[in-house]
Amino acid sequence: MLKLNQAGFVQPPQIQPLSGSIQPHQLVAIVGPNGAGKSTLLQMLSGFRAPEQGDVDFQGRPLAAWSSAELATQRALVSQQSAPVFDWSVMDLVSLGHAVPREVMLTILHWLDIAHLQQRGVQRLSGGERQRVMIARALGQLVTAPVTPCASSMLALSGLLLLDEPTSALDLGQQQRLMRCLRQLSQAQPLAVVCVLHDLNLAARYADQVWLLDQGQCLAMGSPAEVLDVERLSQIYHADLEWSHHADAPLLALKT
Ligand SMILES: Nc1ncnc2c1ncn2[C@@H]1O[C@H](COP(=O)(O)OP(=O)(O)OP(=O)(O)O)[C@@H](O)[C@H]1O
């Protein structure tokens, strides 16, 4: 779906030449310390900033050759700055710019536990509620036409969903609900999901692939088990870390 061939930025904020690919049905977590270049990389993957070296191909053709209108139906980005400018109702905002029937959007709002907020003004929501509204809007962008209201249980999505720190404002339960939803969707649909995550345990639990960035360079790319090496992470994050084995699956913990 998305292929990077030695793609990078020479001008600050820099990204060292990077090669890799993202396939449908994958959930990719981009992790790394503050300032590592995660949001900058997401801008390159989304086509909002063209690489200054190398190439990025999307669905077999250069990302730069896609028109914004074409891209909008197959790639959706929720950046850290995504916030509604006007006080639309939740339903009006998530329905903006596409012809997805209301009943279908309602299904997406249910997935993200915000259906009860559909008539509320978006500027009067809590941070975590608003974050889920912006993700619902992005999912609506990727609904595959044609969809009829009665087919909402067979809702089809495809394309590339890029989310910058989608769990940053969510409580524990909502983090789990969102990550489960993204994982199930990427497994069931020809959808690739790329999330910038600070929580390495979420990356370990839910991602198929982890890309570890530091100082604009991708240091490792692979399965969570391959990439999330505790010694490497302790060094990169300048933190004292250990795996805690009390749970069913090991959790990364800060040493006291
Ligand atoms: N417009 C810019 N010009 C120059 N440097 C920039 C610009 N925007 C960001 N930077 C710098 O580039 C580096 C990477 O920024 P980026 O936002 O991609 O990091 P990040 O990994 O997403 O960080 P965080 O986890 O804190 O959100 C940072 O050091 C940042 O200060």
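1. Strand 9 (residues 209-214) and strand 10 are antiparallel partners, joined over five bridges. Within this pair, aspartate 214 faces glutamine 217 of strand 10. Two strands count as paired if DSSP finds at least two bridges between them. Strands (E, at least two residues) and helices (H or I, at least four) are DSSP runs numbered from the N terminus.

2. The model is predicted: local features need pLDDT of at least 70, side-chain atom pairs count only at pLDDT 80 or more, and totals for chains, interfaces and linings use all residues. Residue numbers start from 1 along each chain as its sequence is written.

3. Six strands make an open sheet of mixed pairing, in the order 6-7-8-3-9-10. Its edges are strand 6 (75-78) and strand 10 (217-222); each has a single partner strand, so one side of each lacks a neighbour in the sheet. From one strand to the next, the twist averages 15 degrees. Helix 5 (residues 127-141) packs on this sheet and touches strand 6 and strand 7 (159-164). The direction of helix 5 makes about 170 degrees with that of strand 6. Helix 6 (residues 172-188) lies across strand 3 (27-31) and strand 8, at about 150 degrees to strand 8. For these angles, axes are lines fitted to C-alpha atoms (for helices, over the stretch in contact), and values run from 0 to 180 degrees between N-to-C directions. Contact requires C-beta atoms, placed from the backbone, to lie within 7 Å.

4. Strand 6 pairs with strand 7 in the parallel sense, over four bridges. Alanine 76 stands opposite leucine 161 in strand 7, and leucine 77 has leucine 162 as its bridge partner there. In a regular strand, side chains alternate between the two faces of the sheet. In strand 6, Arg75 and Leu77 point one way, Ala76 and Val78 the other. All of these are buried. Burial means 20 or more other C-beta atoms within 10 Å of the residue's own; 12 or fewer is exposed, in between is partly exposed, and C-beta atoms are placed from the backbone.

5. Strand 7 also runs parallel to strand 8, joined by six bridges. Leucine 163 stands opposite cysteine 195 in strand 8. Six of the six residues of strand 7 are buried, so the strand is largely enclosed by the rest of the structure.

6. The largest nonpolar core has 74 residues, and Ile30 and Leu161 make the most contacts inside it. Strand 8 (residues 191-196) is the leading contributor, giving six residues. Such a core is a set of buried Ala, Val, Leu, Ile, Met, Phe, Trp, Tyr and Cys residues joined through C-beta atoms within 7 Å. Leaving out residues up to four places away in sequence, Leu161 touches Ala76, Ala138, Leu139, Leu142, Leu191 and Val193.

7. Four strands form an open sheet with antiparallel pairing, in the order 2-1-4-5. Strand 2 (15-22) and strand 5 (61-62) are the edge strands, each pairing on one side only. Strand 1 (residues 2-9) and strand 2 are antiparallel and share five bridges. Lysine 3 stands opposite serine 21 in strand 2.

8. Helix 1 (residues 38-46) has Lys38, Leu41, Leu42, Met44, Leu45 and Ser46 as its buried residues.

9. Two loop residues deserve a look. Leucine 155 sits between helix 5 and strand 7. Leucine 155 is buried, with 20 other C-beta atoms within 10 Å. Proline 250 lies between strand 11 (241-244) and strand 12 (251-254). Proline 250 counts as partly exposed because it has 16 C-beta neighbours inside 10 Å. Neighbours within four places in sequence aside, proline 250 contacts Trp243, Ser244 and His245.

Key:
Two residues are in contact if their C-beta atoms, placed from the backbone, lie within 7 Å.
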